[in-house]
Amino acid sequence: MDHRLPGPNSNIAENIKQAKEKVIQVYDMLPNFCSNEEIPELLDDLRSVMKDYVLLDTKYKDLKTSKQKVIQLCTEKVKKDIAEGRESSITLDEINELLKNTLRNEMEKHHEGFLEKDPLYITMKNFGEDETNNAEDQAMNNEDDLAVTGETIQTIDPYSKKEFSDPVKNLNCKHTYEREIIMRLITTNSKTRCYWMGCNNRVAIRAEHLVSDDELKRYINRLKTRAAI
Ligand SMILES: [Zn+2]
């Protein structure tokens with residue numbers, strides 16, 4: 001395997017992120033442009049493409065971490081040699097060997113099935129699954145899916161402080177906004193960014209970044225149904 005080290009200004013991570021978002025965009029369009037018979041196969045293809053990107057992303061991050069670790073190890077060795085009055089020499093072969101081992105260690109840290117646990121991969125569900133008769137089972141599954149992303153499910157729009165009624169999700173950072181509010185904000189100011197506290201998505205929001213957050217909508221509806229019982 002050829003290890004080409006990512007430079008400090010590398011935009012590889014950004015490219016991978018955008019590619020993953022494209023996959024999600026295609027996924028979202030499937031029901032509009034394809035017949036029900038075609039969908040399962042196309043969905044399989046898309047999932048496999050998504051897995052490739054998740055793997056690429058993971059390898060890239062591992063390589064970046066390994067690079068930092070190797071730099072640190074080499075720096076420490078040189079410092080030690082100098083401190084002990086030795087002439088310091090690290091060969092390229094030694095560095096390569098060190099990088100290979102560090103990278104292998106990093107890659108071994110990932111749990112089995114990590115590909116399927118990717119937050120974007122998880123959103124690529126089978127279409128029409130919610131129309132099953134077994135509504136209660138389905139409700140539980142959806143809650144599990146929401147829980148997998150590791151975030152508390154926020155049902156209040158932080159801007160208006162009101163419960164979402166027509167939530168839309170930002171494909172860039174996965175934060176949700178009330179459609180009417182965010183559309184008004186981005187129409188009046190094209191530089192509008194995600195208003196969620198602590199969000200590090202610096203990309204100005206555009207209408208094409210926003211997709212209907214049906215999962216959250218269903219979740220809120222279920223909460224309401226339960227409260228009514
Ligand atoms: Zn955000």
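Buried residues, those with 20 or more other C-beta atoms within 10 Å of their own (C-beta atoms are placed from the backbone), make up 12% of the 229 residues in the protein chain. This is a predicted model, in which local features need pLDDT of at least 70, side-chain atom pairs count only at pLDDT 80 or more, and totals for chains, interfaces and linings use all residues. Residues are numbered from 1 along each chain as its sequence is written.

**Overall layout**
- The protein chain has seven helices and three strands, where helices (H or I, at least four residues) and strands (E, at least two) are DSSP runs numbered from the N terminus.
- Along the sequence, their pattern reads α-α-α-α-α-β-β-α-β-α.

**The sheet**
- Strands of a sheet pair through backbone hydrogen bonds, either parallel or antiparallel.
- Here, three strands form an open, antiparallel sheet in the order β2-β1-β3; two strands count as paired if DSSP finds at least two bridges between them.
- At the edges are β2 (176-178) and β3 (210-212), each pairing on one side only.
- Strand β1 (residues 167-170) pairs with β2 over three bridges, and V168 stands opposite Y177 in β2.

**The cores**
- A nonpolar core is a set of buried Ala, Val, Leu, Ile, Met, Phe, Trp, Tyr and Cys residues joined through C-beta atoms within 7 Å.
- The largest one has six residues: V168, Y177, I182, C194, I205 and L210.
- A second, separate core of five residues includes Y27, M50, Y53 and V54.
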